[in-house]
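Colleague: I would like to go through this model with you. Please tell me what stands behind each label you use.

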Amino acid sequence: MTTHALPEFDHGSTSALPAFGADFLWGTATAAYQIEGAAEADGRGPSIWDTFSHQPGRILEGHTGDVACDHYHRSDEDLTLAAGLGLDAYRFSISWSRVQPDGQSAANPAGLDFYDQLVDRMLERNLSPFPTLFHWDLPQALEDRGGWLNRDTAYRFADYAALVADRLGDRVPRWITLNEPFIHMAFGYALGIHAPGHSLYFDALPAGHHQLLGHGLAAAALTERGGQVLLANNCTPVSPASDQPADLAAADVYDTLHNRFFLDPVLTGRYPDLLQDMLAERGVIHDGDLATIAAPLAGLGINYYTPTLVSAPEDPHQPLPFVQLPIDGVPHTGFDWPVVPSGLRDLLVGLRERYGTNLPPIYLTENGCSYPDPVQADGQIRDHERITFLDGHLRAVHEAIAEGVDVRGYFVWSLLDNFEWAHGYTQRFGLVHVDFDTQLRTPKASYHWYANQIRAQRAGV
């Protein structure tokens, strides 16, 4: 969404939150490559993140996800921690290469067994499973054939979705197809920051369209099997640095790429004109694609971390027609991301204003922050900055609900400190501290705060 004034930061209160209602879903989220480890266990094939993280210089301090949080062997402990929060739902992702090592052949029985048992363990703890089918870890075998630049990957994704739903669909009511397709396209294919590490700039756009096509094809397969389908997008309210025409135009282009690319075709059945032209030039849109992509959704996942401030570039020859600027005058996380809770309210209200009756119910499928979180002398982790962050953002969600936005759930990113992509283990987002040398789990102060808030919501306080 494009806005013209950056919202002011408000620390808010850490007293009891306003009431969200009995049907509001409380959760946390994780992703397979970031927590599972067991990279070669039980027939799992390599994903693009296995390949990428082992290339020198790609990941800070040379970290990999080979072991991560060892969740593959410690899922009972981790789900017990999730249940201890009093959650309604647990968002996790399924490793495509654990289920289909080459991305297209018969299922790996041990891989499907792991997720089958994981779902049962959730249900034993009264946690509703909320799986994501693709959280960036494409099987390397498919990347070797072009990855998301290859249209065929969309069809392989639909086959994989059907395979998983056939095994788990009797216990899984809701499915998220893709996580943050913009980030995967931009960081993985356009800028080379994430796996698979391509630096194609605007020639990465086909990877966006093919992800959306894969979403639509998978949505059809999941719906045929009785599933409710969501798509999780990272969205940001975009502000121009000034009211000068060049800055306004730069903000519009950024908003179009980051927000509208992966929302307009899904919710309205068409691309914004700028993207329609660029994709048409590359010949990637086939007859029927947009109808497939626009399959009705049961809900829209929104991942929000921070707003974006944009100006026109000073150098007209640089490859991107915008420059992201720092946002001053607000707190910043350990990742140096600006903390602006009211940006979330603006985003949600802006989505409702933009899409109107086309906007399905919203779930905040990720919201959280990174801080150093040292273990103190008494063994405690007093992450009060994270408590303030979560408190402020939940109040922003409530404000949006009060203004008529249909928001039905909130998932904290993340349950555990984990492998933070190109930053390895240097950024901690968890409600639970993980010692990556010993795998000791220690709930932080924010864990207890979140549990208390959920308990208060249930009690009607």
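Colleague: What does Asn367 touch, leaving out residues up to four places away in sequence?

Modeller: Asn367 touches Tyr304, Tyr305, Phe389, Leu390, His393, Tyr410, Phe411, Val412 and Trp413. Contact means heavy atoms within 4.5 Å. This is a predicted model, where local features need pLDDT of at least 70, side-chain atom pairs count only at pLDDT 80 or more, and totals for chains, interfaces and linings use all residues. Residues are numbered from 1 along each chain as its sequence is written, and side-chain values use heavy atoms, with hydrogens and water left out.

Colleague: Why is Asn367 called buried?

Modeller: Buried means under 20% relative accessible area, exposed over 50%, and partly exposed in between, with a 1.4 Å probe and protein chains only. Asn367 has 0% relative accessibility, so Asn367 counts as buried. Asn367 lies in strand β10, residues 362-367. Helices (H or I, at least four residues) and strands (E, at least two) are DSSP runs, numbered from the N terminus.

Colleague: How many Å separate Asn367 and Glu353 in space?

Modeller: They are 22 Å apart, C-alpha to C-alpha, and 14 residues apart in sequence.

Colleague: Trp413 is on the contact list of Asn367. What kind of peptide bond joins Trp413 and Ser414?

Modeller: A cis bond, with omega about 10°. Ser414 sits in the loop between β11 (407-413) and β12 (432-434). The bond from Ala195 to Pro196 is also cis, with omega near 5°. Pro196 is in the loop between α8 (181-190) and α9.

Colleague: What makes α9 "mostly covered"?

Modeller: Of its 20 residues, 16 are buried.

Colleague: Why are α7 and α9 called roughly parallel?

Modeller: Axes are lines fitted to C-alpha atoms, for helices over the stretch in contact, and angles run from 0 to 180 degrees between N-to-C directions. Angles under 35 degrees count as roughly parallel, over 145 as roughly antiparallel, 65 to 115 as roughly perpendicular and the rest as oblique. Helix α7 (residues 152-168) packs on α9 at about 30°, with the axes 8 Å apart. The two are therefore roughly parallel.

Colleague: Which residues of α7 and α9 meet?

Modeller: From α7, Ala154, Tyr155, Phe157, Ala158, Ala161, Ala162 and Ala165. From α9, they meet His210, Leu213, Gly214, His215, Leu217, Ala218, Ala221 and Leu222. By class, this contact has 12 nonpolar, three polar and no charged residues. Ala, Val, Leu, Ile, Met, Phe, Trp, Tyr, Cys and Pro count as nonpolar, Asp, Glu, Lys and Arg as charged, and the others, Gly among them, as polar.

Colleague: What is the relation of α9 to α12?

Modeller: Their axes come within 10 Å and cross at roughly 100°; α12 covers residues 273-281. That angle makes α9 roughly perpendicular to α12. Leu205, Pro206 and His209 of α9 contact Leu275, Met278 and Leu279 of α12. The classes are five nonpolar, one polar and no charged.

Colleague: And what makes α15 roughly parallel to α16?

Modeller: Helix α15 (residues 384-402) and helix α16 (residues 445-459) pack at about 30°, with axes 9 Å apart. Because of that angle, α15 is roughly parallel to α16. Arg386, Ile387, Leu390, Asp391 and Leu394 of α15 meet Ala445, Ser446 and Trp449 of α16. Here the residues divide into five nonpolar, one polar and two charged.

Colleague: Are Ala68 and Asp70 buried or exposed?

Modeller: Ala68 has 4% relative accessibility, so Ala68 is buried. Asp70, with a relative accessible area of 15%, is therefore buried too. Ala68 lies in the loop between α2 (48-53) and α3 (71-84), and Asp70 is in the loop between α2 and α3. Ala68 is not a glycine, yet its phi is positive, near 50°. For Asp70, phi is near 50°, again positive in a residue other than glycine.
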